[in-house]
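Student: Could we go through this model together? I'd like to start with the fold and then move on to other topics.

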Amino acid sequence: RARARRLATRAGVVTIVVAAAFLLWTSLAYGTLASVLLSAVAAVTLIGAVLANARGREGLSFGLMAATIGVAVLSLFFALFPDVMPASNDPANSLTITNASSSEYTLTIMTWVAVIALPLVLAYQGWTYWVFRKRVTRAHIPAGG
C-alpha cells in the first residue's frame with residue numbers, strides 16, 4: 001500500500017504536468033469560456049487528488065480523481081463541440097457527433113443486446129461478490145503502511 005501510494009504520487013506529478021499542457025493547448029486552440037473554466041476545475045481537482053494521495057487519504061483522492069476525469073471530459077466536450085475529433089489539415093475532415101453516430105438500426109440492435117446482457121452481467125457480478133464476501137477481512141491485513 002505504501003509503495004503504491006508513493007508510485008501514485010510520483011505518477012501524479014507527471015500527470016499534472018502532462019494534463020496541464022494538454023488542457024492549455026486544447027483551451028488555446030479550441031476553448032470557450034465554459035471549457036476554460038471546466039479545465040481550471042479539472043486542474044484543481046487533479047492537484048487535490050495527488051495531494052490527498054500523498055497524505056494517505058486514498059478515499060478522498062479517489063473521489064477527486066473521479067471528479068477530475070468527469071470534469072476534464074466535460075471540458076473537452078465544451079471545447080470541441082460539435083467535433084469529436086477535429087482534423088488538423090481541413091475542418092471539413094473533422095469527425096463530428098453527427099457522422100460519428102451509429103445508424104438507427106445499429107442502435108436498436110445494441111439496445112436489445114444491452115437489455116439482455118446487462119442483467120446477466122449484473123447478476124454475475126452480484127454472485128461473485130456474494131461468493132467472496134467473507135474471504136478477506138481487515139484482520140487479515142497487516143497494520144501500518
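The chat below covers the fold, the annotated spans and the pocket.

Student: What elements does the protein chain have, and in what order do they run?
Tutor: This is a predicted model, and its protein chain has five helices and two strands, which run α-α-α-β-β-α-α from the N terminus on.

Student: And what is the radius of gyration of the protein chain?
Tutor: The protein chain has a radius of gyration of 21 Å, whereas a compact globule of 145 residues would have one near 15 Å. Along the principal axes, the C-alpha atoms fill a box of roughly 60 × 45 × 25 Å, and 17% of the 145 residues count as buried.

Student: Switching topic, which residues does UniProt list as "transmembrane region"?
Tutor: The unreviewed UniProt entry lists residues 7–26, 32–52, 59–81 and 109–132 under that name.

Student: How much helix is there over 32–52 and 59–81?
Tutor: Residues 32–52 are 95% helix and 0% strand, with the end C-alpha atoms 30 Å apart, while residues 59–81 are 96% helix and 0% strand, with their end C-alpha atoms 33 Å apart.

Student: How much space lies in the largest pocket, and what lines it?
Tutor: The largest pocket holds about 230 Å³ of space, and of the 17 residues that line this pocket, Ala19, Ala20, Leu23, Ser39 and Ala43 are the closest to its centre. The elements giving two or more residues to the lining are α1 (2–30), α2 (33–54) and α3 (58–80).

Student: How many of those lining residues are nonpolar, polar or charged?
Tutor: The lining of the largest pocket divides into 14 nonpolar residues, three polar ones and no charged ones.

Key. Residues are numbered from 1 along each chain as its sequence is written. This is a predicted model: local features need pLDDT of at least 70, side-chain atom pairs count only at pLDDT 80 or more; totals for chains, interfaces and linings use all residues. Side-chain values use heavy atoms; hydrogens and water are left out. UniProt positions are given in the numbering used here, feature names are shortened, and annotations may be inferred rather than shown by experiment. Helices (H or I, at least four residues) and strands (E, at least two) are DSSP runs, numbered from the N terminus. On a 1 Å grid over the protein atoms alone, a cavity is a set of points where a 1.4 Å probe fits but cannot get out, and a pocket is an open set with protein on both sides within 12 Å along at least five of seven lines; lining residues have an atom within 4 Å of a point. Grid points are joined across faces, edges and corners, and a volume is the space filled by probe spheres set on the points. Ala, Val, Leu, Ile, Met, Phe, Trp, Tyr, Cys and Pro count as nonpolar, Asp, Glu, Lys and Arg as charged, and the others, Gly among them, as polar. The radius of gyration is taken over C-alpha atoms; the globule rule is 2.2 Å times the number of residues to the power 0.38. Buried means under 20% relative accessible area, exposed over 50%, partly exposed in between (1.4 Å probe, protein chains only).
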